[in-house]
Amino acid sequence: MSHSEATTSTDQAGMDPTNPPQHEVRNPEESRLRALLEPAVQASRLYLEDVAIQVAGSHRVVHVVIDLPQEETGGVSLDVIADISRALSDILDNDPNTDARPYDLEVSSPGVGRPLTEPRHWHRARGRMAKVNVIQGDNLTGRIQSVDDDGVTLVPEQEVKKGMKPKQGDPVKIPFDRIRQGKVEIEFSHLHEAGLEDEHNGPSEEA
């Protein structure tokens, strides 16, 4: 028996932003499940960001994080998460190599609070405000104008007096190898697009 839950989140609980899951050493079962589930995720024109398993006694929780392709902007809708949750639950229920322990399936999207640690993350954040910690340089906050194979072009916001409209500086190209850390700055105008206004955690179903 499985329990499938669709969720959206701005950050994944228990994950260290300075050590994101895609860089961790995966155990064999997580790697096997990733290979098992990835074709269905790709068939839905989505990207499989992460698969993680938490075990408590005889029970498992399978966490799956999906995202839109890097060419697209915006967030993954609750309807899309619900649809892919049902598809992945069916695959897990019919997994011939399962260890037969009961499991909960939790499918979520990364949300805008995810650290920007890979080029595809920067592509997905095009047009958004971001705070960038630069190696051997001044830290910048600005809007992501473009992303290519070498780095990110940012239009920085210049400090102005309180109550005045922010001024934009000249575009700055920051190579990936000089970016220590990057994170999207949440703007109220983008909350609905990112799915942050809806506190509903999405449908759940018994498989």
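What follows is a conversation about a predicted model.

Visitor: What makes Asn27 a cap of helix H1?
Guide: A side-chain oxygen of Asn27 lies 3.1 Å from the backbone nitrogen of Glu29, and since a polar contact requires N or O atoms within 3.5 Å, the pair qualifies, with Asn27 capping the N-terminal end of H1.

Visitor: How do you know that the span of H1 is close to the expected one?
Guide: The helix has 16 residues, and from its first C-alpha to its last it reaches 24 Å, which is set against the 22 Å expected at 1.5 Å a residue.

Visitor: Which residues of H1 are buried, and what do they pack against?
Guide: Glu30, Leu33, Leu37, Ala40 and Val41 are the buried residues, a word that calls for under 20% relative accessible area, and the buried residues of H1 pack against S2, S3 and H2.

Visitor: Why is a set of residues called a nonpolar core?
Guide: The name applies because its buried members, of kinds such as Val, Leu and Ile, are joined through side-chain atoms within 4.5 Å. The largest such core here has 20 residues, and Val64, Ile66, Leu88, Leu105 and Val107 have the most contacts inside it. Helix H1, strand S2, strand S3, helix H2 and strand S4 each supply at least two residues of this core. Apart from it lies another core, of 15 residues, including Leu116 and Leu140.

Methods: Residues are numbered from 1 along each chain as its sequence is written. This is a predicted model: local features need pLDDT of at least 70, side-chain atom pairs count only at pLDDT 80 or more; totals for chains, interfaces and linings use all residues. Side-chain values use heavy atoms; hydrogens and water are left out. Buried means under 20% relative accessible area, exposed over 50%, partly exposed in between (1.4 Å probe, protein chains only). Helices (H or I, at least four residues) and strands (E, at least two) are DSSP runs, numbered from the N terminus. The expected span of a helix is 1.5 Å times one less than its number of residues. Contact means heavy atoms within 4.5 Å. A polar contact is a pair of N or O atoms within 3.5 Å; within protein, one must be able to donate a hydrogen and the other to accept it, and residues adjacent in sequence count only if both atoms are side-chain atoms.
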